[in-house]
Amino acid sequence: MRPLHSGGESPQQTLCAKEALVMNQTKGTDPYADPRAFYGSELRRLRETAGFSQEQLGERVFCSGTYVGQFETATRRPQLEVSKLLDEVLDSGEHLQRLCRLARKSKVAEYFADAAELEKLAQTICEYAPVLVPGLLQTRSYARAITRAAMRFSPDEAVEEIVTARMERQGILNAPTAPVLWEIIHEAVLQAPIGGPEVMHQQLLRIAELASRPRVVVQVLPFSAMNEAFMDSMTSIMAFDDAPTVAYTEGAGSGQLIEEPALVGQILRSYDLVRAAALSPAASLALIQSVAEDYRTP
């Protein structure tokens, strides 16, 4: 996956209000607290030793000074390709590349890690879920059930680590800078008894509760609408205050972050068709609550 900084202005290059908040919080980060902070402190040390400003260094590695600053303040996970360029410009051997490999370790799957970083900065997140409840809406029990099914031979500790990371992601919904979240869920998601009736009952009640929030919209795409609109993979579209929209698609054990304008535009058009074919928010909520009652155990 090539870094988002290439090919014009991108979310990594744009310092919006949310990024500024994160940067203020990380200025006092202990460089020995985590690999990302250490990477940032080493990059700053090497840059200052070479006599470059952030903007000057950015010009030499084909990105903005803001992007360099986000590395230095540990706001962004460093990119390996950029680290290679930085090592060349700063004459630091493979020092930053080695640190980058450590700093890129994430609580979420590697293929999703860059998208997870952008998720925290998005102004609007629009998602379509054809099979499973989206991660931002999952209850802990539901997340545990699907993770255990996907990792049948893994120890409980590994499963709980993933579940906890997913629950932590949901913190963006309660933040002062919470994005507008627009979720479209296929009717099949409601009917799949993941984890059993009680887990599904609580999961659908959770979706209904979130749907009542002012910045969350939930729609259901009914089975009858498949001839009108079709998307075959989990899709997330993230829009920013001052940066191009990006899309993320995910299948079993893989994911792709998409920034090419033509491809993003195609995904947006497909999403608009799905949104038009879906039930209204009110009708969707009524269906979700009805199915939740069907799962209620005596």
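Me: Is C126 buried or exposed?

Reply: This is a predicted model: local features need pLDDT of at least 70, side-chain atom pairs count only at pLDDT 80 or more, and totals for chains, interfaces and linings use all residues. Residues are numbered from 1 along each chain as its sequence is written, and side-chain values use heavy atoms, leaving out hydrogens and water. Buried means under 20% relative accessible area, exposed over 50%, partly exposed in between (1.4 Å probe, protein chains only). The area for C126 is 12%, so C126 is buried.

Me: How many disulfides does the whole structure hold?

Reply: A disulfide needs a pair of cysteine sulfur atoms within 2.5 Å. A search of the whole structure gives the count: zero.

Me: In what order do the six strands of the open sheet lie?

Reply: Strands are DSSP runs of E, at least two residues long; helices are runs of H or I, at least four; both are numbered from the N terminus. Two strands pair if DSSP finds at least two bridges between them. The pairing here is mixed, and the order is β3-β2-β1-β4-β5-β6.

Me: Which residue in β3 stands opposite E183?

Reply: Strand β2 covers residues 180-186, and six bridges join β2 to β3, in parallel. Opposite E183 stands V218.
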